[in-house]
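Colleague: I'm new to this structure and would like to learn how to read it. Could you take me through it feature by feature?

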Amino acid sequence: MKLASVVLAAAEAAEARKPLGLVALRAERPSDFFGAVSIGTPPQTFKVLFDTGSGNLVVPTTECQSNACTVHKRFKVKASESAFTHASHDAPEITGVGNQGALFAHALGLDQPQSDVTVSFGTGSVGGQMISDQVCLGEVCAATSFIGAVEESDDFLDRGFDGVLGLALPDMSFAKSYNVPEVLFALKPSMQKVVGFRP
C-alpha cells in the first residue's frame, strides 16, 4: 500500500510554493488515491477517490436507497446546519436546511434554482441532487456545491470509497461552484493554481 498526499498549492512564484491544503492519501492500486473530505456543520467525513478525470464532488446521501449507497457512508443533509439543497424537478425552490443555507446560496451566487443531475463515470452512473455546504479538504474549508447521490448504479457497490472528488478543470464540472479545487483556490486569488500528488 503506497502512501502519498494531494497538495493544493497556491504560489506567487514557482520557488515560493505555499500549500493551501494538504490531505493524506492512501493508494490501494497504483492509480487510485483515497483521502478524507469533510462536509457540513458539524462536519461529516467521507473517504473519497481523488479523480483527475472528473470535476465534481459526489457523495451518497441518506435519501439514496440503492445497494451501492447503503453499503457506504451517506451524507445526512438534515444533520448539517449549513446545508441547503437546490431546487429539483420535484421541488421548485432552494430549500434551506440549516440557518446558514441562505448565506451559502448568496455567497455562491445561486439565486436561480438548479435541477437534478446525472453523472456518468467510466465505472457507472450516479443520479443526484445539487447541495451546497461547507466542504473541507485538510484544514482548508469553503462554501461550495456538490452532488448528493440519490441513486447509484451497482458498479459502485464493491468500491472502497464513499464518493468521488473531481480534481479536473472547472470545464468538467456541473458549474464553477461545483469544482472544489477552484473554490478553494479562490481563497487566495492572487496565487498560481497547482494540484499535485507527492510521495
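Modeller: Let's start with confidence: pLDDT is the predictor's confidence in each residue, from 0 to 100. This is a predicted model, so local features need pLDDT of at least 70 and side-chain atom pairs count only at pLDDT 80 or more, while totals for chains, interfaces and linings use all residues. Residues are numbered from 1 along each chain as its sequence is written, and side-chain values use heavy atoms, with hydrogens and water left out.

Colleague: What is the mean pLDDT of the protein chain?

Modeller: The mean is 75, and 68% of the residues reach 70 or more. You'll find the lowest confidence in strand β7 (residues 95-96), with a mean of 43, and the highest in strand β5 (residues 57-60), at 93.

Colleague: Where does pLDDT stay under 50?

Modeller: One such stretch is residues 89-104, and there the model has 33 contacts beyond four places in sequence. Residues 9-16 also stay under 50, with 19 contacts of that kind. Contact here means heavy atoms within 4.5 Å.

Colleague: And the overall fold: how many helices and strands does the protein chain have?

Modeller: Helices (H or I, at least four residues) and strands (E, at least two) are DSSP runs, numbered from the N terminus. Here they come to 3 helices and 12 strands. Take the contacts between residues at least 6 apart in sequence: 61% of them join residues at least 24 apart.

Colleague: What share of the residues is buried?

Modeller: Buried means under 20% relative accessible area, exposed over 50%, and partly exposed in between (1.4 Å probe, protein chains only). Of the 199 residues in the protein chain, 51% are buried.

Colleague: How do I read a nonpolar core, and which residues have the most contacts inside the largest one?

Modeller: A nonpolar core is a set of buried Ala, Val, Leu, Ile, Met, Phe, Trp, Tyr and Cys residues joined through side-chain atoms within 4.5 Å. The largest has 21 residues, and Val37, Ile39, Leu57, Phe75 and Leu165 have the most contacts inside it. Two or more of its residues come from each of β3 (32-39), β4 (44-51), β5, β9 (124-137), β10 (140-152) and α3 (180-185). There's also a second, separate core of 15 residues, with Leu49, Val58, Val119 and Met130 among them.

Colleague: Which residues does leucine 165 touch?

Modeller: Leaving out residues up to four places away in sequence, the contacts of leucine 165 include Val37, Val48, Leu57, Leu137 and Val180. Follow the chain to glycine 166, in strand β11 (residues 163-166). Glycine 166 counts as buried because its relative accessibility is 1%.

Colleague: Is asparagine 56 buried or exposed?

Modeller: Asparagine 56 is buried, because its relative accessibility is 9%. You'll find asparagine 56 in the loop between β4 and β5. Beyond four places in sequence, asparagine 56 touches residues including Ile147, Gly166, Met172 and Tyr178.

Colleague: Where is serine 38?

Modeller: Serine 38 sits in strand β3 and counts as buried, because its relative accessibility is 18%. Serine 38 and cysteine 136 are 98 residues apart along the chain, yet their C-alpha atoms are separated by 5.0 Å.

Colleague: What should I know about peptide bonds?

Modeller: In general, most peptide bonds are trans. Here a cis peptide bond joins threonine 41 and proline 42, with omega at about -5°. Proline 42 is in the loop between β3 and β4.

Colleague: Last topic: how many cavities of 30 Å³ or more does the structure hold?

Modeller: On a 1 Å grid over the protein atoms alone, a cavity is a set of points where a 1.4 Å probe fits but cannot get out, and a pocket is an open set with protein on both sides within 12 Å along at least five of seven lines; lining residues have an atom within 4 Å of a point. There is 1 cavity of that size. The space in the largest cavity is about 80 Å³, and its lining includes Val58, His72, Phe121 and Glu152. As for the second largest pocket, its space is about 150 Å³. It is lined by 11 residues, of which Leu49, Phe121, Thr123, Phe156 and Phe161 lie nearest its centre. Grid points are joined across faces, edges and corners, and a volume is the space filled by probe spheres set on the points.
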